Amino acid sequence: MNDKLDANGTCVLVTGGAGFIGSHTVVCLLEQGKEVVIVDDLSNANEKALDRIAQIVGEEAAERITFVRADVNDRAALDAIFEEFDIDSVIHFAGYKAVGESVEKPIEYYSNNIGNTLTLVDAMRDHGCKKLIFSSSATVYGDPDALPLTEESPKKMCTNPYGWTKWMIEEILRSVAFADPEWDIVLLRYFNPIGAHPSGLIGEDPKGIPNNLLPYVSQVAVGRREAVHVFGNDYDTPDGTGVRDYIHVMDLAAGHVAALNWMSDKSGCEVFNLGTGTGTSVLQIINAFSEACGHEVPYVIEPRRPGDVSANYADCSKAAELLGWKAQYNVADMCRDSWNWQSHNPNGFEG
Ligand code: UFG
């Protein structure tokens with residue numbers, strides 16, 4: 001048993017808790033009085049994020065964090081965690097997430113993302129912990145027939161192995177919940193998470209050249225890269241550039257806490273979109289970021305990127321109705337907080 005667990009708190013295991021969305025969610029969980037065990041192998045995260053989390057939440061709350069450096073596929077490490085701590089629920093973020101890399105390394109992506117989920121649910125079952133939130137993605141909607149996307153919109157073909165891992169893990173978890181009604185599973189389909197904690201102490205710190213728009217824009221803004229490559233300006237959108245539903249990572253983190261609070265005593269598998277409901281184009285993002293950082297962010301128009309859809313944005317009314325959750329931040333807030341993080345940490349956690 002975990003001797004640090006107070007009578008009112010519950011203990012949440014967060015896989016990938018040192019990563020971008022994980023670290024922000026850990027802050028929210030600690031602020032809610034929860035005990036948190038982070039399991040992360042730091043393959044795509046920085047240990048310094050843990051010190052920063054502690055700085056944000058303060059000494060007392062930081063005592064409720066335990067960090068275990070391990071791969072989620074390491075069954076013995078998971079068993080040791082479940083034996084030592086009275087884990088009430090699990091939030092599963094850990095996984096490879098670079099779309100382009102997944103095309104180059106399909107075996108690694110399928111093996112790691114699907115393998116670690118199977119190891120995790122097997123360990124959970126054996127230790128009698130059957131409450132799970134999974135990080136899914138709007139990528140499962142593929143190229144949508146109609147917008148906005150509701151949870152009833154069909155899942156469609158993915159364009160890369162990363163997307164398929166999310167698609168398949170959703171189905172695996174549905175089967176798990178179907179087979180045993182003791183399971184209580186929530187699939188959260190994220191749209192495009194950006195922004196950073198308003199303190200500027202934690203944020204997105206991709207290794208190598210960023211694949212995603214916002215980290216690329218912010219690295220151009222801070223002078224690490226020359227210009228943003230805008231992938232296509234001939235889409236059927238108002239300015240021809242791709243449209244996405246960008247969501248502040250703090251809103252996303254709050255969505256996990258809302259889902260966790262909603263789940264108690266439920267059974268089955270529910271899916272929720274987490275977005276804002278508003279579509280924003282690439283050029284609108286570059287303009288909003290230029291406003292936030294106080295100078296023009298240079299860009300060049302390039303051909304379309306293979307596998308990109310022209311537009312997607314969410315209908316989030318299900319999360320509003322059932323979870324009582326709604327995104328609070330707009331794109332200007334997201335760019336302000338991304339810039340605050342990037343300008344104070346031009347090289348990410350390394351300085
Ligand atoms: N884009 C650029 N230049 C860049 C990077 C992106 O113009 O350097 C454009 C893309 O073409 C797209 C938009 O910016 O129109 C957003 O691209 P991102 O790569 O930031 O995000 P995606 O929508 O492609 O992918 C994101 C997540 C995936 C997730 C998917 C779900 O990265 O993990 O949303 O829709 F699967």
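# Exercises on helix packing and the sheet

The model is predicted: local features need pLDDT of at least 70 and side-chain atom pairs pLDDT 80 or more, while totals for chains, interfaces and linings use all residues. Residues are numbered from 1 along each chain as its sequence is written, and side-chain values use heavy atoms, without hydrogens and water.

**Exercise 1.** Determine how helix 6 and helix 7 are oriented to each other, and which residues make the contact.

*Step 1.* Helix 6 covers residues 106-126 (helices are DSSP runs of H or I, at least four residues; strands are runs of E, at least two; both are numbered from the N terminus). Its angle with helix 7 is about 25°, and the axes are 9 Å apart (axes are lines fitted to C-alpha atoms, for helices over the stretch in contact; angles run from 0 to 180 degrees between N-to-C directions).

*Step 2.* Helix 6 and helix 7 are therefore roughly parallel (under 35 degrees; over 145 is roughly antiparallel, 65 to 115 roughly perpendicular, the rest oblique).

**Exercise 2.** Describe the packing of helix 8 and helix 10.

*Step 1.* Helix 8 (residues 213-221) and helix 10 (residues 282-293) make an angle of about 40°, and their axes lie 11 Å apart.

*Step 2.* These two helices are therefore oblique to each other, and their crossing is right-handed.

*Step 3.* Helix 8 contributes Leu 213, Leu 214, Val 217, Ser 218 and Ala 221, which meet Val 282, Ile 285, Ile 286, Phe 289 and Cys 293 of helix 10.

**Exercise 3.** State the order of the strands in the sheet and find the strands at its edges.

*Step 1.* The open sheet has seven strands in the order 3-2-1-4-5-6-11, with parallel pairing (two strands pair if DSSP finds at least two bridges between them).

*Step 2.* Strand 3 (65-69) and strand 11 (268-274) each have a single partner strand, so one side of each has no neighbour in the sheet; these are the edges.

*Step 3.* From one strand to the next, the twist averages 20°.

*Step 4.* Within the sheet, strand 1 (residues 11-15) and strand 2 (residues 35-40) run parallel and are joined by five bridges. Cys 11 stands opposite Glu 35 in strand 2.

Methods: Left-handed = near helix turned anticlockwise from the far one by under 90°. Contact = heavy atoms within 4.5 Å.
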